[in-house]
Amino acid sequence: MEALHSDVKEVLLSEEDIHQIVSRMGEQITRDYAGKNPLVVAVLRGAVVFTADLMRAIDCPMSVDFMAVSSYGEAAKSSGVVRIVKDLDTKIEGRDVLIVEDILDSGLTLSYLIDLLKGRGPASVEVAAFLVKDVTGKTPAIEPRYVGTHVPDEFIVGYGLDFAERYRNLPYIGILKPEVYQK
Ligand code: PRP
Ligand code: MN
Ligand code: MG
């Protein structure tokens, strides 16, 4: 087995599972945004793989732009501060904005982004999150309009999600072995 795959304890969502979830989300978004020409905002870097798939499951005119923010950096835990690394190139005043994220964990990144983008006078701001992490005893700060699925409170990697910038290229969603991030 290859080194990358052997660091994964368990596959949570196979490529086939992912495909089904993304198709369903694309259909919902297509229905809701017909005639609206939404601006899809992909949050670099984690959301890049999901966005590439989701866009192709959306069957109405739309455009895409990218924002780079980071709260985790190379650490396993969030620093608590969101940093803008790259802003949008598109003016969003009057636009229907759909923020696309790979995972909603503490909600820090999305709360920050929603507030920031709402301040620019868009027609609407909604969120499509592929994963929502279920943390016991914690109510999520955000309720995304579109949710792929819920995942347990473990270290999730693959399909865009990294640990220390690795594992983003895994084609499935897996749980990282604790010994990998406890090193
Ligand atoms: C990860 C993930 C989400 C965010 C979720 O991004 O891609 O954007 O954390 O966590 P939160 O809900 O607690 O804010 P990260 O900051 O690691 O940057 P990356 O996308 O470049 O990996
Ligand atoms: Mn991210
Ligand atoms: Mg990350």
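Me: Is Arg120 buried, partly exposed or exposed?
Reply: Arg120 counts as partly exposed, because its relative accessibility is 29%; buried means under 20% relative accessible area, exposed over 50%, and partly exposed in between, with a 1.4 Å probe and protein chains only. Before we go on, this is a predicted model, in which local features need pLDDT of at least 70 and side-chain atom pairs count only at pLDDT 80 or more, whereas totals for chains, interfaces and linings use all residues. Residues are numbered from 1 along each chain as its sequence is written, chains are lettered from A and ligands numbered from 1 in the order in which they are written, and side-chain values use heavy atoms, with hydrogens and water left out.

Me: Which side chain does Arg120 meet in a salt bridge?
Reply: That of Asp87, at 2.8 Å from N to O, where a salt bridge is a side-chain nitrogen of Lys or Arg within 4 Å of a carboxyl oxygen of Asp or Glu. The pair links distant parts of the chain, 33 residues apart: Asp87 is in the loop between strand 4 (83-86) and strand 5, and Arg120 in the loop between helix 4 and strand 6 (124-133). Helices (H or I, at least four residues) and strands (E, at least two) are DSSP runs numbered from the N terminus. Asp87 has a relative accessible area of 32% and is therefore partly exposed.

Me: How many salt bridges does the count come to?
Reply: The count comes to 10 salt bridges. One of them pairs Lys86 with Asp89, with the closest N and O atoms 3.6 Å apart; Lys86 is partly exposed at 27% relative accessibility, while Asp89 is exposed at 68%.

Me: And what does Arg168 pair with?
Reply: The side chain of Arg168 meets that of Asp162 in a salt bridge, at 3.4 Å from N to O. Arg168 counts as buried because its relative accessibility is 17%. Through salt bridges that share partners, Arg45, Asp162, Glu165 and Arg168 are joined into one network.

Me: Changing topic to ligand 1: which residues come nearest?
Reply: There are 17 residues around ligand 1, and Glu101, Asp102, Ser106, Gly107 and Thr109 come nearest; a residue is near a molecule if one of its heavy atoms lies within 4 Å of it.

Me: Where does the largest share of that shell come from?
Reply: Strand 5 gives the largest share, four residues. Strand 5 (96-104) and helix 4 (108-118) each supply at least two residues of the shell. By residue class, the shell divides into five nonpolar, six polar and six charged, where Ala, Val, Leu, Ile, Met, Phe, Trp, Tyr, Cys and Pro count as nonpolar, Asp, Glu, Lys and Arg as charged, and the others, Gly among them, as polar.

Me: What lies 2.7 Å from an oxygen atom of ligand 1?
Reply: A polar side-chain atom of Asp102 does. An N or O atom in the side chain of Asp162 is 2.8 Å from an oxygen atom of ligand 1, and a polar backbone atom of Arg45 is 3.1 Å from an oxygen atom of ligand 1. The protein covers 94% of the 490 Å² of accessible area that ligand 1 has on its own, with areas from the Shrake-Rupley method and a 1.4 Å probe; for residues, only the protein chains shown count as cover.

Me: Back to Arg45, then: where does it lie?
Reply: Arg45 lies in the loop between strand 2 (39-44) and helix 3. The peptide bond from Leu44 to Arg45 is cis, with omega near 0 degrees.

Me: Which residue other than glycine has phi near 45 degrees?
Reply: Asn37 has that positive phi, and Asn37 sits in the loop between helix 2 and strand 2. Ala164, also not a glycine, has a positive phi of about 50 degrees and is found in the loop between strand 8 (156-157) and strand 9 (173-176).

Me: Last one: why does Tyr33 count as buried?
Reply: Tyr33 counts as buried because its relative accessibility is 4%. Tyr33 lies in helix 2 (residues 15-33) and, leaving aside its neighbours within four places in sequence, is in contact (heavy atoms within 4.5 Å) with residues including Pro38, Cys60 and Tyr146.

Methods: A polar contact is a pair of N or O atoms within 3.5 Å; within protein, one must be able to donate a hydrogen and the other to accept it, and residues adjacent in sequence count only if both atoms are side-chain atoms.
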